Every structure is written in C-alpha cells, then in structure tokens.
Amino acid sequence: MLPQLLAQLFKKPFTNKHPRKYIPFSSTTFFKDVRSGKATMAPPIKTPERFRGKIVYEKEKCIGCKLCLKVCPSEAILFKDDEKKIKVYLARCTFCAQCNDVCPVSCLHMSEEFLLADTEKYSPSLIVE
Ligand code: SF4
Ligand code: SF4
C-alpha cells in the first residue's frame, strides 16, 4: 500500500475543481454563446417548484426594518447602518427562506440558482447586497 500512496503523490488529481472560475476556457466560450443566444443548453437538473436557491435581494424596495435579521437562524444577514440596507452571506445561509416570508415589502426571494460552490467563503459571488 505504501508504494501506491507514494506514487499517488506525483499523479494529477482525477477530479476537476468545481467552482465556476475553474471551468475550462472552451466551456466559458460556450456559456457566453448561450447567454448571447447563439447556443442553447438544457439545464442539468430541472429544479422543483418552490425550489430554494440563491437569495435575490431587491435593494431599492428594502425599508430597513431588520425583521429578516431577527428571524434568520444562522445569522447570515448583516445590517449596513450607513445605508439602512442588508447584506446576506450565503456561506452561512441555510436556505430556509424565513427571511423571505417575514419581509413586509417582499424584497427577498429564493431563486433557482444552485451552482454556488466557491473556494472563498467571502467571495463576492457568495454575498448578496
Ligand atoms: S434563507 Fe434562512 S438562513 Fe438564509 S438568510 Fe434567509 S433566514 Fe437566514
Ligand atoms: S425584512 Fe425586508 S425590508 Fe426589512 S430589512 Fe429585511 S429585506 Fe429589508
């Protein structure tokens, strides 16, 4: 077993890094074509009705009442005193949607986006504000 373990140290990993920024260039070009309508892509998984993916925040509608902070079980929401607006740290979010339900002006929603993996906990892609 030891020789096999040592040999493994010099081999390339069999898996690919997952976060979006590691997608090979050829795939990135393909996704750009999809966005511009030149190519089409079937979603890998159809999300079920009322799926709870990445939070969407309609900042301009927010009245700064802080109710979402009070119900969030994982303390994923920060209140920005200077702006009277919120900031959501997705790395802490458990996607329970309680903040959506309590918001009096319905400015928080759960989207269908679920490809959120990143190597940085505080990466801009994991912060909603
Ligand atoms: S979905 Fe749940 S865990 Fe995530 S920010 Fe809202 S209340 Fe907090
Ligand atoms: S509950 Fe809604 S309106 Fe109140 S602070 Fe949170 S996002 Fe803004």
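Student: What makes one face of strand β3 covered and the other uncovered in this predicted model?
Tutor: Strand β3 spans residues 85-89. Ile-86 and Val-88 make up its covered face, whereas Lys-85, Lys-87 and Tyr-89 lie on the uncovered one. In a regular strand, side chains alternate between the two faces of the sheet.

Student: What lies between the strands of the hairpin of β2 and β3?
Tutor: There are 4 residues between the strands. In this hairpin Lys-84 takes a positive phi near 60 degrees.

Student: Why are β2 and β5 called edge strands?
Tutor: The open sheet has 3 strands in the order β2-β3-β5, with antiparallel pairing. β2 and β5 each pair on one side only, which makes them the edge strands.

Student: Why is Phe-30 called partly exposed?
Tutor: Phe-30 is found in helix α2, residues 25-36. A residue is buried at 20 or more other C-beta atoms within 10 Å, and exposed at 12 or fewer. Phe-30 has 15, so it falls in between and is called partly exposed.

Student: How far from Phe-30 is Thr-40 in sequence and in space?
Tutor: The two are 10 residues apart in sequence, and their C-alpha atoms are 9.1 Å apart.

Student: What makes a set of residues a nonpolar core, and which residues have the most contacts inside the largest one?
Tutor: The members must be buried residues of the listed nonpolar kinds, joined through C-beta atoms within 7 Å. The largest such core has 13 residues. Ile-55, Cys-68, Ile-77, Val-88, Cys-99 and Leu-108 have the most contacts inside it. Strands β1 (55-57) and β3 are the elements that give two or more residues to this core. In soluble globular proteins, nonpolar side chains tend to be buried together.

Student: Which residues is Cys-99 in contact with, leaving aside its neighbours within four places in sequence?
Tutor: They are Cys-68, Val-71, Cys-72, Ile-77 and Leu-108. To be called a contact, each pair must have C-beta atoms within 7 Å.

Student: What makes up the shell around ligand 1?
Tutor: Ligand 1 is surrounded by 14 residues, the closest being Cys-72, Ala-76, Cys-93, Cys-96 and Cys-99. By class the shell has 11 nonpolar, 3 polar and no charged residues. Cys and Ala count as nonpolar, so the closest five belong to that class.

Student: What about the shell around ligand 2?
Tutor: Around ligand 2 there are 13 residues, the closest being Cys-62, Cys-65, Leu-67, Cys-68 and Cys-103. By class there are 11 nonpolar, 1 polar and 1 charged.

Notes. Residues numbered from 1 in each chain as written. Chains lettered and ligands numbered in written order. Predicted model: local features only at pLDDT ≥ 70, side-chain atom pairs only at ≥ 80, totals over all residues. Pairing = 2+ DSSP bridges. Near = placed C-beta within 6 Å. Contact = placed C-beta atoms within 7 Å.
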